[in-house]
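Please look over the model shown below.

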Amino acid sequence: MSQKTALITGASSGIGWATAQALDKHNFQFILCGRREDRLHELAQTLTNKSTLLTFDVRDYQEVQSAIASLPEAFRTIDLLD
Ligand SMILES: NC(=O)c1ccc[n+]([C@@H]2O[C@H](COP(=O)([O-])OP(=O)(O)OC[C@H]3O[C@@H](n4cnc5c(N)ncnc54)[C@H](OP(=O)(O)O)[C@@H]3O)[C@@H](O)[C@H]2O)c1
């Protein structure tokens, strides 16, 4: 099964955190988003598959644009948005 990429907003807590853990069993790699980088690191350490972290405030359009533009090549094809 080929690996897919999931971009998860609000991954540092609650539903986003739980969604990443659930999808980890289904061969996804992750783009984990939120403002609290320490929490995103903590989540990444619980996942089997690879993650890249994007810390930005969704209310700031420029921050969103530059975060998405900074994605490494291997994470640029997004299969699932949560
Ligand atoms: N929990 C439920 O059972 C439930 C049921 C139905 C609907 N909902 C809705 O689903 C949503 C999430 O619920 P939750 O329980 O998962 O809440 P939560 O635990 O408070 O998580 C909210 C997430 O959103 C992120 N976030 C908040 N403001 C942000 C901002 N300005 N920029 C970037 N990220 C931001 C937070 O990360 P940072 O603080 O790190 O940025 C955090 O990861 C809420 O709107 C809630 O009303 C929840």
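## Ligand shell

The shell around the ligand comprises three nonpolar, six polar and five charged residues. The model is predicted. There are 14 residues around the ligand, and those that come nearest are Gly10, Gly14, Gly34, Arg35 and Arg36.

Helix H1, spanning residues 14-23, gives the most to this shell. Its share is three residues.

## Sheet

The sheet is open and has four strands. Their order is S3-S2-S1-S4, with parallel pairing. Strands S3 (51-55) and S4 (80-81) are the edge strands, each pairing on one side only.

Strand S1 (residues 4-8) runs parallel to S4, and two bridges join them. Here Leu7 stands opposite Leu81 of S4.

## Helices on the sheet

H1 packs on the sheet and touches S1 and strand S2 (28-34). The direction of H1 makes about 170 degrees with that of S1.

Helix H2 (residues 37-46) also packs on the sheet, where H2 touches S2 and S3. The direction of H2 makes about 165 degrees with that of S3.

## Leu23

Leu23 lies in helix H1. Is Leu23 buried, exposed or partly exposed? Leu23 has 19 other C-beta atoms within 10 Å, so Leu23 is partly exposed. A residue counts as buried if that number is 20 or more.

Neighbours within four places in sequence aside, Leu23 is in contact with Ala6 and Phe28. Leu23 and Leu47 are 24 residues apart in sequence. In space, their C-alpha atoms are 9.5 Å apart.

Definitions and conventions:
Residues numbered from 1 in each chain as written. Predicted model: local features only at pLDDT ≥ 70, side-chain atom pairs only at ≥ 80, totals over all residues. Near = placed C-beta within 6 Å. Nonpolar A, V, L, I, M, F, W, Y, C, P; charged D, E, K, R; others polar. Buried ≥ 20, exposed ≤ 12 C-beta atoms within 10 Å, placed from the backbone. Contact = placed C-beta atoms within 7 Å. Pairing = 2+ DSSP bridges. Axes fitted to C-alpha atoms, helices over the stretch in contact; angles between N-to-C directions.
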